[in-house]
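Colleague: I have a new model open and I'd like to learn how to read it. Could you walk me through it, one feature at a time?

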Amino acid sequence: MQRVYMHSTEHFEVFTTVLAPQGRCRYRAEAEMMAVVHSYKPQWPDELELLAGDVILVLSKHEEERWFGRLQGGQRGYFPASCVMEL
């Protein structure tokens, strides 16, 4: 799925295209449970808010710095890889 987000101020407009996984993740065999060690406030609508101590199931590591996962409450989204560590 492709989504286009727009952010504007009185001086400029920024358009960003975000590609998100569709449907069920095909990489479940590689999914890993991780613990959140640094809280994170989302910068984009497709990102997760992380609180230190949360547990997240990492579903995709296709990008080096930004991963896709699911929190225990069911929320799915992207988050910085630097905010988590292996359990």
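Modeller: Happy to. Let's begin with a term we'll need soon: a residue is called buried if its relative accessible area is under 20%. Also keep in mind that this is a predicted model.

Colleague: Where is confidence lowest, and where is it highest?

Modeller: The lowest is strand 1 (residues 2–8), with a mean of 55, while strand 6 is the highest, at 96. Keep an eye on residues 24–28 as well, where pLDDT stays under 50. For that stretch the model has seven contacts beyond four places in sequence.

Colleague: Now the sheet. How do I read one, and what is the strand order here?

Modeller: In general, strands of a sheet pair through backbone hydrogen bonds, either parallel or antiparallel. Here five strands make an open sheet in the order 6-5-4-3-7, and the pairing is antiparallel. Strand 6 (76–80) and strand 7 (84–86) are at the edges with a single partner strand each, so one side of each has no neighbour in the sheet. On average, neighbouring strands in this sheet are turned by 50° against each other, ignoring direction.

Colleague: Can you take me across it pair by pair? How many bridges are there between strand 5 and strand 6?

Modeller: Strand 5 and strand 6 pair over five bridges, in the antiparallel sense. They form a hairpin with four residues between them, and Gly74 in the turn has a positive phi of about 100°. Moving along, strand 4 and strand 5 are antiparallel and joined by four bridges. Those two form a hairpin as well, with five residues between them. Val58 has Gly69 in strand 5 as its bridge partner.

Colleague: And on the other side of strand 4?

Modeller: That's where strand 3 (residues 32–36) comes in, pairing with strand 4 (residues 55–60) over four bridges in the antiparallel sense. To find the pairing on your screen, look for Met33 opposite Leu57, and Ala35 opposite Val55. Strand 3 is also joined to strand 7 by three bridges, again antiparallel. There, Ala35 has Met85 as its bridge partner.

Colleague: Back to those rings, then. How many aromatic pairs does a search of the whole structure find?

Modeller: Two. When you read a pair of rings, look at the angle between their planes: over 60 degrees counts as edge-to-face. Trp67 and Phe79 make an edge-to-face pair, at 6.4 Å centre to centre with 85° between the planes. This pair links distant parts of the chain, with Trp67 in strand 5 (residues 66–71) and Phe79 in strand 6, 12 residues apart.

Colleague: What about Phe68 and Tyr78: why is that pair edge-to-face?

Modeller: Their ring centres are 5.0 Å apart and the planes stand at 65°, so this pair is edge-to-face. Phe68 is in strand 5 and Tyr78 in strand 6, so the pair ties together parts 10 residues apart in sequence. Both Phe68 and Tyr78 are buried.

Colleague: Where do these rings stand in the strand pairing?

Modeller: Trp67 stands opposite Phe79, and Phe68 stands opposite Tyr78. As for strand 6 overall, four of its five residues are buried.

Note on methods
Residues are numbered from 1 along each chain as its sequence is written. This is a predicted model: local features need pLDDT of at least 70, side-chain atom pairs count only at pLDDT 80 or more; totals for chains, interfaces and linings use all residues. Side-chain values use heavy atoms; hydrogens and water are left out. Two strands pair if DSSP finds at least two bridges between them. Axes are lines fitted to C-alpha atoms, for helices over the stretch in contact, and angles run from 0 to 180 degrees between N-to-C directions. Rings of Phe, Tyr and Trp (its six-membered ring) pair if their centres lie within 6.5 Å; planes under 30 degrees apart count as stacked, over 60 as edge-to-face and the rest as tilted. Buried means under 20% relative accessible area, exposed over 50%, partly exposed in between (1.4 Å probe, protein chains only). pLDDT is the predictor's confidence in each residue, from 0 to 100. Contact means heavy atoms within 4.5 Å.
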